[in-house]
Every structure is written in structure tokens, then in C-alpha cells.
Amino acid sequence: AWDGPALLVYSDGKSIGASLDRNGLRPARYSITSDGTVYMMSETGVVDLEESDIVQKGRLGPGQMINVDLATGEFKDNIAIKSEIASRHPYGEWVKKGRKDV
């Protein structure tokens, strides 16, 4: 079976996000403007933006994601998303308790 490349864009009506497949073969770049708008594109320059309006630029690497809360406008990058998920449960403690040396 063929495995990519793929950029998945998703929304549940409360947030919108994008995730790049684990191979990371498709370009996925984003820009955030001073008014809080997030633009996602395959290549820089696809959307004509004034450079002076851009406050942040980035790109998704293999397996990375971004998310925007539509109610608050909060932007989360890959590290913020994964840190939040990892902090929900004591995964390290579970591994330590459940690990058996053979």
C-alpha cells in the first residue's frame, strides 16, 4: 500500500489544525499575520502576504502538527500540542511500574 505524502487538515468546529504524515515529503508552511490570521500553504509565496504583516512563520516537519482554537485564537505548535497531551497522564511512571527486565 502507498503511504503518502499527505497533509491532513481537520476541524471539529472548535479548533482547526493540520498534521503532516510521518514521511514529511509534502511541504507544509504557515504564516501568522498581525491580525491573528493563520495561513497554511504548500510553498512560501502561494498566498500573497505583506512581509511587514507577518509576525511568525514556520513549517511542519515529518509527523508534526499545528492547531488553532477558533474561540480564543490560541495557536499551538507541535511542541505545545504534544507537551499538553503528554502532561495529561503520568506515562513515565506507568512505564516504570509496568516494565519487567528479562
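These are my notebook entries on a few contacts and surface features that I looked up in this structure.

**Ground rules.** I am working with a predicted model, where local features need pLDDT of at least 70, side-chain atom pairs count only at pLDDT 80 or more, and totals for chains, interfaces and linings use all residues. Residues are numbered from 1 along each chain as its sequence is written, and side-chain values use heavy atoms, with hydrogens and water left out.

**Aromatic pairs.** I searched the whole structure and found two aromatic pairs. Rings of Phe, Tyr and Trp (its six-membered ring) pair if their centres lie within 6.5 Å; planes under 30 degrees apart are stacked, over 60 edge-to-face, and the rest tilted. Tyrosine 30 and phenylalanine 75 have ring centres 5.3 Å apart and planes at 45°, so I logged this pair as tilted. Tyrosine 30 sits in strand 3 (residues 29-33) and phenylalanine 75 in strand 7, so the pair ties together parts 45 residues apart in sequence. Strands here are DSSP runs (E, at least two residues) and helices likewise (H or I, at least four), numbered from the N terminus. I then checked tyrosine 30 for cover: its relative accessibility is 8%, so it counts as buried (buried is under 20% relative accessible area, exposed over 50%, partly exposed in between, with a 1.4 Å probe and protein chains only).

The rings of tyrosine 91 and tryptophan 94 have centres 5.4 Å apart and planes at 80°, so that pair is edge-to-face. Both residues belong to helix 2 (residues 91-98), and being three residues apart they are separated by about one helical turn. Tyrosine 91 is partly exposed at 37%, and tryptophan 94 is partly exposed at 45%.

**Salt bridges.** My rule was a side-chain nitrogen of Lys or Arg within 4 Å of a carboxyl oxygen of Asp or Glu. The count came to five salt bridges. Helix 2 also holds lysine 97 and glutamate 93, four residues apart and so about one helical turn from each other; their side chains meet in a salt bridge at 3.3 Å, N to O. Glutamate 84 bridges to arginine 88, with the closest N and O atoms 3.1 Å apart. I was pleased to find Lys76, Glu84 and Arg88 linked in a network of salt bridges. Glutamate 51 and lysine 57 form another salt bridge, at 2.8 Å from N to O.

**A loop residue.** I looked up valine 46 in the loop between strand 4 (38-41) and strand 5 (54-59). Its relative accessibility is 54%, so valine 46 counts as exposed.
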